[in-house]
Structures are given as C-alpha cells and as structure tokens.
Amino acid sequence: MLQRFLLLFQQNTSVAYTKLLHFLHKLNNPPVKMYLVEDKGGAIALMLASLFFLGTWPAVLTMLERRGRLPQHTYLDYSITNLLAAVLIALTFGQLGNSKPGKPNFFTQLTQDNLPSVLFAMAGGIVLSLGNLATQYAWAYVGLSVTEIISSSMCVVIGTTMNYFLDDKINRAEILFPGVGCFLVAACLGSVVHSSNAADNKKKLAASTTNYKINSYEENGSNVANGDLETGPGSSQKVGKAKAGTAEYLIQLEKQRSIKVFGKNMFLGLVIVFFAGVCFSLFSPAFNLATNDQWHTLKDGVPHLVVYTAFFYFSISCFVIGIGLNLWFLYHPVLGLEKSSFGAYLNDWNGRQWAMLAGFLCGFGNGFQFMGGQAAGYAAADAVQALPLVSTFWGVVLFGEYRKSSKRTYILLFSMLSMFVVAVAVLMASAGHRKS
C-alpha cells in the first residue's frame, strides 16, 4: 500500500512539475503573433480613428495654402511622412511575431513571389496619389467641405459597389446599397451647395465698397500680406483685420493665398473634384485585390499579401507619383502658380512641420482603414469617407466657410450633412465578417 501511494505521489508530482515548467516557459516566452484585427468591434474602432485622421489632414494643407505656401512645397513634405507612416506600420504591426504559413510577416513576404498582388497595391497607390494631388488644387476653387463631400461620395458610390462584389458579398446588400444611395444624394447636394455659396460670395463682392479686383491693389496698401491667417487666437474669424464671411475677408484671402481664384471659372474646380472622385473610387478595390487575390493571379501555394505589406507597396507608389509630379510642378506650375525650384523648396521652412503632420495623419488614416476593411469588409470600411463631416467642421471653425451666407445655402448645407450622417450610419451597419 505504501509503495503504491509513493508511486502515485511520484507520478502526480512529475505531472505537476511538468506543468509548472510549461507555465514558467510561457511566462518568460509569451506567444507572439502578428497583430491582425479580426473582430467587428476592433474594425469599427480603427474606422473611427481613420475617420478623424483622414478628415483632419486636408484642413492642415488648406491652412498652408491660405497662408501662401506653394502647394508643390507642401505636397513634397507631405509625401515624405506619408511614406514614413506606412514604414512604421509595417515594421511594428507587420513584423510582430513569427511567420505563419498563411500569414507571413513583413520581411518574410518581401522575398516571396507575389508580384501580381504587389502591382495591384501599387496601382491603388498611384490613383490615390493623383486624387490627393487634385483635391489640393480643388480646395481653393470650391472650398474644403464641398470638395471632400463630392469626392468622397463618388468614392463610395463607385468604390463600395466594386468592393461589395470583390468581397463575395459579405456585407448586407439590403443595408449597404441604400447607404450608397444616400451618399449619391449627398454628392448632388454638395454641388448645389457650392453653386449657392458661390452666388452668395459674388453678391458680397458686388455690394462691397472695396475694389475687389486684386490686380488693382497697391503693394503698400492694407493687404493680406501683412495679415496673419489662422495663426493665433481668433484667427478663425479674420484674415488680416477682416471678419470671416465678409467681402473684405474674401479679398484679403485672395491676396494672401497661393492659388488665385478670383476671375477663374469655378466649373474648373468641379471638374478637378470629379476627377479626384474617380481616382478615390479605384484605390480601395485595387487594395482589396492585392490582399485577397479574388482574380487568382498568384501561383498556387503563395500566400496573399498581408495588409501591412500591401500598404507598404501602396505607399511607395503613392510617394513616387507625389514626389515626381511635384518636382515637375516646381518648374512647370499649373493654374497660375508661381514658378519655384528645388533649392527654394529646401529653404522653405514656413509651415513645413504642418505639412509633415498632414502626411502622418493621412498615412495612419489610410493604414487603419485598410486594417479595418480586411476584418469587416472593404465596402463597410468605406464608411470612413465620412471624413467630410470632420473637414466641414474644420472648414467652418478655421476658415470661416459659409459665414454670412444666405438662408438657402444654410438649408442646403444642413440637408447635405444630414444625408451624409445617415449614409455613414447605414454603411457601418452593413459591416460583415471576413472568413479566415
């Protein structure tokens, strides 16, 4: 009996000791795996963060243009930190833990034969870069809020429909497409708001006692070059000494800003906006194809690009296009901008920190959108196109957009924003769950 007891005690002690060693090993060597968002709640949290970032960076660039900084200089700074954000995401989220057969980490995937998916990711970066570049000029013509609403609504109407079919219909169509319809209505209202606000501004200038033909300004007069736009307390109310919404405000803003819009055909601004909208509608489906290979372009056994690797290639092409075109625009400017040079750009530190902040905001905003889309479906992730709600807030608070406008303009603006809120809520409600 004693021998049997000792034998059982020895066996149980051995088992307990083995479990203790296993526990201590896990304590000292915790299991690490690549961080991937796989639940709906995490995806929505990323979308909300993306919404704030993507709605804020356009306001930063608009502020710099209104201060008189050349958009070529601004976009070159922006492009650098936009790429840096993608590199940081790849080296942190994309490199955590060991590679798994179906989900290799960032460095492992760089050596794999996945060229077709890489090309899809880079194509997405190219069209996004073209769209972002176009909107930087459109903001001056039609305003920050209207630009973002029209281009984002087009992105949802076209891009979300494409993503729905690419994602094998994981989003609920009976909810998704009414939301898409609301975005389309919001885009139409955005065009009407722009037309109404432009008419209001024309009336203000016609009724003003100030000569608003900029070419007749005398350099030693009271002009906006001596003002300080958006640089201190109360700056959202004034350009120089003029109050936001007045004819004098519009005149002084025109004198200071880098893109001159007085006397220009505002239809050109809408053309630029619609071009940007087409570009924006294509980048998300291209990224979807890069990460999920719905067209079966990869060889058998080659894993799909993880979202972090795809975003790295996406951002490289975005960087190359942004840098290349803006270096060209330095010496061959468009829309009546001043000619510059690479040396002048290097010496222009006025607002450089803001342009670089905008690049980080846009980079992390896009990265979070893609991370959420990989989990809940890229069609639902297009809900971050609610960014015009954030942009409109900044446009009103920082730049005095729609101040002292007509009652008709206010009603149209409220209707547009209300429709946009409904559209975003409906789109998020359609979120599904991607099968592993």
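**Helices and salt bridges**

Mentor: Let's start with Leu282, which lies in helix α9; helices here are DSSP runs of H or I with at least four residues, numbered from the N terminus. This is a predicted model, where local features need pLDDT of at least 70, side-chain atom pairs count only at pLDDT 80 or more, and totals for chains, interfaces and linings use all residues. Residues are numbered from 1 along each chain as its sequence is written, and side-chain values use heavy atoms, leaving out hydrogens and water.

Trainee: Is Leu282 buried, partly exposed or exposed?

Mentor: Buried means under 20% relative accessible area and exposed over 50%, with partly exposed in between (1.4 Å probe, protein chains only). Leu282 has 37% relative accessibility, so the class is partly exposed.

Trainee: How many residues apart in sequence are the parts that Glu65 and Arg257 tie together?

Mentor: Glu65 and Arg257 form a salt bridge, with their closest N and O atoms 2.8 Å apart. A salt bridge needs a side-chain nitrogen of Lys or Arg within 4 Å of a carboxyl oxygen of Asp or Glu. Glu65 sits in helix α2 and Arg257 in the loop between α8 and α9, so the parts tied together are separated in sequence by 192 residues.

Trainee: Which residues do salt bridges with shared partners join into one network?

Mentor: Asp77 meets Arg69 in a salt bridge (2.9 Å, N to O). Arg352 also forms one with Asp77, at 3.1 Å between the closest N and O atoms. Through shared partners, the network consists of Arg69, Asp77, Asp348 and Arg352.

Terms used: Helix = DSSP H or I, 4+ residues; strand = E, 2+ residues; numbered from the N terminus.
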